[in-house]
Amino acid sequence: GSKATNQAVARMLRESGKKLGLGGRWWTSQPPKVVGMRDDDLESMARSYCKSVEVKVGRQKEEVKELEAFCSYLERRVIASPAKITASASSSSS
């Protein structure tokens, strides 16, 4: 690719990586320069970006599963004992 194209793509990846809070050398406060970036540097940057995003999305999927399981647990508790919840809510407000 051309140097201008590499620079534009690198800048776009860097901005997105910073917004997503990615870790690693490309996304730090003093990252490597994008001016004059070579194809192999851009490839390394893109590979790092993809891997970091995949890890981040994987973690978020796990967190969503845990939250869904917790919500299901709470719903079962509410359905199983609505009288106890109502009684404890009214006694705590008095």
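Which residues make a nonpolar surface patch of about 280 Å²?

## The patch on the surface

Phe70, Tyr73 and Leu74 make this patch. Patches are built from residues with over 30% relative accessible area and no salt bridge, with like charges joined within 9 Å and nonpolar side chains (Val, Leu, Ile, Met, Phe, Trp, Tyr) within 5 Å. The areas come from the Shrake-Rupley method with a 1.4 Å probe, and for residues only the protein chains shown count as cover.

This is a predicted model, in which local features need pLDDT of at least 70 and side-chain atom pairs count only at pLDDT 80 or more, while totals for chains, interfaces and linings use all residues. Residues are numbered from 1 along each chain as its sequence is written, and side-chain values use heavy atoms, with hydrogens and water left out.

Leu74 sits in helix α2; helices (H or I, at least four residues) and strands (E, at least two) are DSSP runs numbered from the N terminus. Its relative accessible area is 37%, so Leu74 is partly exposed; buried means under 20%, exposed over 50%, and partly exposed in between (1.4 Å probe, protein chains only). Phe70, at 46% relative accessibility, is partly exposed, and Tyr73 is partly exposed at 37%.

## Two aromatic pairs

Searching the whole structure turns up 2 aromatic pairs. Rings of Phe, Tyr and Trp (its six-membered ring) pair if their centres lie within 6.5 Å; planes under 30 degrees apart are stacked, over 60 edge-to-face, and the rest tilted. Trp27 and Tyr49 are edge-to-face, with 5.7 Å from centre to centre and 70° between the planes. Trp27 lies in the loop between α1 (3-19) and α2 (39-80) and Tyr49 in helix α2, so their pairing ties together parts 22 residues apart in sequence. Both Trp27 and Tyr49 are buried.

## Inside the core

Which residues make up the largest nonpolar core? The 10 residues are Ala10, Leu13, Leu22, Trp26, Trp27, Val34, Met37, Leu42, Met45 and Tyr49. Such a core is a set of buried Ala, Val, Leu, Ile, Met, Phe, Trp, Tyr and Cys residues joined through side-chain atoms within 4.5 Å. At least two of its residues come from each of α1 and α2, and α2 gives the largest share, 3 residues.

Met45 is in contact (heavy atoms within 4.5 Å) with Ala10, Leu13, Arg14, Trp26, Trp27 and Met37, leaving aside neighbours within four places in sequence. Ser52 is in helix α2 and counts as buried at 19% relative accessibility. Not counting residues up to four places away in sequence, Ser52 touches Leu22, Gly23 and Trp27.

## Salt bridges

There are 4 salt bridges in the structure, each a side-chain nitrogen of Lys or Arg within 4 Å of a carboxyl oxygen of Asp or Glu. One of them joins Glu43 and Arg47, at 2.7 Å from N to O. These two lie in helix α2, 4 residues apart, about one turn of the helix. Glu43 is partly exposed, with a relative accessible area of 46%, whereas Arg47 is exposed at 52%.

Salt bridges with shared partners join Arg38, Asp40 and Asp41 into one network.
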